[in-house]
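I opened this entry to keep a record of what I looked up, one topic after another. The chain comes first, and single residues follow.

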Amino acid sequence: MHHIVENQRNFFNTNTTKNLQFRLTQLDKLYSVLKNNEQALYDAIYKDFKKSEFDTYTSELALIFHDIKDAKRNIYKWARRKKVRTNLMNFPGKSYIIKEPLGVCLVIGAWNYPYQLSLSPVVAALAAGNTVILKPSELPAHSSKVMATLINKTFDPKILKVVEGGVPETTELLEQDFDKIFFTGSTRVGRIVYEAAAKNLTPVTLELGGKSPAFITKDCNLKITVKRLVWAKFLNAGQTCIAPDYVFVEKAIEQNFMEAIKAEIEKEQFAFENNNYVQIINDKNFERLEKMIVPDKVAYGGSTNAPERYIQPTILHKVTFNDPSMQEEIFGPILPVLSYTTLQEAIERSRQLPKPLSAYIFTGSKKNREEVLQQLSFGGGAVNDAVMHISNPKLPFGGVGHSGIGSYHGKAGFDGFSHKKSILHRATWLELPLKYFPHSASKLKWIKRLMKLQ
Ligand code: NAD
């Protein structure tokens, strides 16, 4: 590991990656190798957890392709020196900010969207002029392998290298001196990464998880609400970091909501053979999820099949904060429904949990919307929708508090892998004597006047 990092650092120090044309070439290479091997990517992920071509394209590859195109289109704008106003104290002069790449970066991916969560940060890092070591999650073994094979045969390891492995390999990587670590995964491992990064004062982006609530008020458009909610929850069998984790519905529409959501799940016909449903990633997660299905709370679904790692879309009703499903992030196809009398009470209850990665409010009222948006702290979210905010690259994506540090996508990703070097550039044709010895009352008066004018 040490060797790979050192080779990348030596290459970075040649300044080659500072050249924008060089970066564009790397992005083109990445685009081509993924495009030319799309089928291999679909086959690998299907073997891992039966994820279909449709879902893999729409929720993984399309986003990566878009990221590459977006970075290529905007690279000159994002990398440009930015002029800022110079204050009077520094007249005559000019001021500007140089975006410089950080250096050798480590990207650690999660398993649930193995391609997108590994490669979108890589796109941002390369566009910003860094070299990258990517460590995908080891759980989807075929997806990890296909990325390693394709990338390692296409890229010079001094620029981009995939290192496969689990805890021992990641631990060894974390002992190296990086200029940036970008981690996607659980809050628990996020802490381990943060601690390792602190030893070298390495900046981090931590993309973590949490329990993302969906609030539903009686004045919502119920038909659209359940349609969007069901799609967002059961996409990838609920194994989505920004999936609605639990629902808080206003008591006045609780029964209607329960009927509507059950009907919508029926309509969607989630099944492996319909290519719109996936397996639980492994036995450990399957068993963890099964324990959350308390039989007398099941309002819909609840059936499971261990050898197939299948869990039916499941709705739990009349759930309280003491239920197993409310003790941790669910990360599976189980949706607990809680009810409230006043929205304020629901917000206050949710606020007792750590700040989530997302929150959603389905409502027709501005007052309700603003109550949630202004009182609850969360990474990002949507009004009258769920999950889709991730698809707008103009919206920086990331958490707050326990759900993460920093953000990416589009320009936010480029900036996350860049240092803003601030420069004051003075002219030499004038030098005011104010700051120099000997000091005097009149000099101080002038300094105070100038400060007021700033
Ligand atoms: P995880 O934390 O178990 O694993 C993430 C990565 O860390 C993997 O590459 C793994 O190999 C590595 N890792 C695991 N244990 C480690 C250790 N002890 N030391 C060093 N490295 C270690 O997370 P996961 O199960 O892959 O993903 C699920 C979690 O990730 C959920 O909490 C989910 O919300 C979160 N998530 C967040 C986002 C986001 O964008 N914010 C996206 C997807 C998933």
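**Ground rules**

I am working with a predicted model, in which local features need pLDDT of at least 70 and side-chain atom pairs count only at pLDDT 80 or more, while totals for chains, interfaces and linings use all residues. Residues are numbered from 1 along each chain as its sequence is written, and side-chain values use heavy atoms, with hydrogens and water left out.

**The chain as a whole**

Along its principal axes, the C-alpha trace spans about 85 × 55 × 35 Å.

Of the 454 residues in the chain, 53% are buried, where buried means under 20% relative accessible area, exposed means over 50%, and partly exposed lies in between, with a 1.4 Å probe and protein chains only. The chain exposes about 20800 Å², and carbon and sulfur atoms supply 55% of this area; accessible areas come from the Shrake-Rupley method with a 1.4 Å probe, and for residues only the protein chains shown count as cover.

I then turned to contacts (heavy atoms within 4.5 Å). Among the contacts in the chain with a separation of 6 or more, 71% are between residues 24 or more positions apart.

**The annotated active site**

Which residues does the UniProt annotation "active site" cover? The unreviewed entry lists E207 and C241; UniProt positions are given in the numbering used here, feature names are shortened, and annotations may be inferred rather than shown by experiment. The two span 35 residues in sequence, yet no two of their C-alpha atoms are more than 9.3 Å apart, so they gather at one spot.

I found E207 in strand 7, which covers residues 204-207, and E207 counts as buried because its relative accessibility is 3%. Leaving aside neighbours within four places in sequence, E207 is in contact with residues including F182, T184, F397 and Y408.

C241 sits in the loop between helix 9 (222-234) and strand 9 (246-250), and C241 is buried too, at a relative accessible area of 16%. Not counting residues up to four places away in sequence, C241 touches N112, S212, E329, F331, L357 and F397.

**The ligand**

How many residues surround the ligand? I noted 25, and the closest are W111, E138, S186, L208 and E329; a residue is near a molecule if one of its heavy atoms lies within 4 Å of it.

Next I looked at pairs of polar atoms. An oxygen atom of the ligand is 2.8 Å from a polar backbone atom of G109, while a nitrogen atom of the ligand lies 3.4 Å from a backbone N or O atom of E207. For L208, a backbone N or O atom lies 2.8 Å from a nitrogen atom of the ligand. A polar contact is a pair of N or O atoms within 3.5 Å; within protein, one must be able to donate a hydrogen and the other to accept it, and residues adjacent in sequence count only if both atoms are side-chain atoms. Taken alone, the ligand exposes 840 Å², of which the protein buries 90%.

**A buried asparagine**

Is N130 buried or exposed? I found N130 to be buried, with a relative accessible area of 2%, in the loop between helix 5 (114-127) and strand 4 (131-135). A polar atom of the N130 side chain lies 2.8 Å from the backbone nitrogen of L102, and the N130 side chain also reaches the backbone oxygen of F417 at 3.0 Å.

**Backbone details**

I noted that the peptide bond from F91 to P92 is cis, with omega near -5°, and that P92 is in the loop between strand 1 (82-84) and strand 2 (93-101). The bond from F437 to P438 is cis as well, with omega near 0°, and P438 has its place in the loop between strand 18 (418-426) and helix 15 (441-453).

Q269 has a positive phi of about 50° although it is not a glycine, and Q269 is exposed, with a relative accessible area of 53%. K318, in the loop between strand 13 (314-316) and strand 14 (334-340), has a positive phi near 55°, and K318 counts as exposed at 53% relative accessibility.

How values were computed
Helix = DSSP H or I, 4+ residues; strand = E, 2+ residues; numbered from the N terminus.
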